[in-house]
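Here are my notes on the model you sent. Please look through the coordinates alongside them.

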Amino acid sequence: MRKHTILRKVLIFTCCIIFCYSGWQLFSYYYETRTSKKEFQTLETVAFEEVKDETETIKETGKKEQQEAKKEKKFQYEKLKEQNEDTFGWIMIEGTRIDYPVMYRDGDNEFYLHHNFQKEYSITGTPFLDGNWNPKAKTDNFIIYAHHMKDGSMFADLMKYEDSEFYEQHKQVTLYVKNEKHTYQIFAVCRVSANYEQEFYNMMQLEQEEYESYLETIKEKALYATDSYPKNQEKLLLLSTCEYSQENGRLIVLAKELI
């Protein structure tokens, strides 16, 4: 009897330890993600400056109707670069929470998986450009990775593109590279394994004939058809995040630059 009592106490104690540890892990997760969100919001105020551009609205008769101030945002690349030399640019997608800096470390696809803009450890990490990109090659095809966080941050909202109706309303991606603003149009959304992800990177380096052939492969893997596929070797943007319908899965969003 005494032996059973001791065993029960040990079991209760063990369960309490597990419960407390799980609670602490859950608290830490939400505390860190909330802190990360505030840090990125603060960083955005540094990254963008509102610029007033005085414009005139003209009637069909050619007379002035009124003067109106149009507010636009100017990306402050140098200011971010001063704070972190790994700054590559900034990415944003209307209708999503994707509004983050993009980092780049030559040959490194690990560091910003678990570090914030300040280079401190963070479970959310920071979106980053593929480390295999070579600035000396002068290629303008970009691959950007970020986590799929449970709170909806980082690239979690890419999952919205599994719905073709959402795609129809939110086709464009804005990417600032240094001081230049680039606009892309999404043309394909695919679920693939992590192993196949490398194939997409290879596709972005192909010659014209192979490139066209590979586009057909992408069409076969796409979740739904679109009429936005590139016809020539337009500059491409690939966004990648984890996808959980398969083991070690990835959701790939492909876009072409609009000129």
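**Notes on the predicted model**

1. Where pLDDT is low, the predicted coordinates should not be read in detail.

2. On the ground rules, this is a predicted model, in which local features need pLDDT of at least 70 and side-chain atom pairs count only at pLDDT 80 or more, while totals for chains, interfaces and linings use all residues. Residues are numbered from 1 along each chain as its sequence is written, and side-chain values use heavy atoms, with hydrogens and water left out.

3. Mean pLDDT for the protein is 80, with 71% of its residues at 70 or more.

4. The protein has 5 helices and 10 strands; these are DSSP runs numbered from the N terminus, helices being H or I of at least four residues and strands E of at least two. Of the contacts with a separation of 6 or more, 60% join residues 24 or more positions apart.

5. Of the 259 residues, 42% are buried, meaning under 20% relative accessible area with a 1.4 Å probe, protein chains only. The accessible surface comes to about 16000 Å² (Shrake-Rupley method, 1.4 Å probe), and carbon and sulfur atoms hold 50% of that surface.

6. The largest pocket holds about 380 Å³ of space. Its lining has 17 residues, and Met92, Ile93, Glu94, Gln172 and Thr174 are the closest to its centre. A pocket here is an open set of points on a 1 Å grid over the protein atoms alone, where a 1.4 Å probe fits, with protein on both sides within 12 Å along at least five of seven lines; lining residues have an atom within 4 Å of a point. The volume is the space filled by probe spheres set on the points.

7. Which strand gives the most to that lining? Strand 7 does, with 4 residues. Strand 7 (172–177) and strand 8 (180–193) each supply at least two. By type, the lining has 6 nonpolar, 6 polar and 5 charged residues; Asp, Glu, Lys and Arg count as charged, Ala, Val, Leu, Ile, Met, Phe, Trp, Tyr, Cys and Pro as nonpolar, and the others, Gly among them, as polar.

8. Lys178, in the loop between strand 7 and strand 8, has a positive phi near 55 degrees although the residue is not glycine.

9. Met154 also has a positive phi, near 55 degrees, in a residue other than glycine. Met154 sits in the loop between strand 6 (142–145) and helix 3 (164–169) and is buried, at 1% relative accessible area.

Methods:
Buried means under 20% relative accessible area, exposed over 50%, partly exposed in between (1.4 Å probe, protein chains only). Contact means heavy atoms within 4.5 Å. pLDDT is the predictor's confidence in each residue, from 0 to 100.
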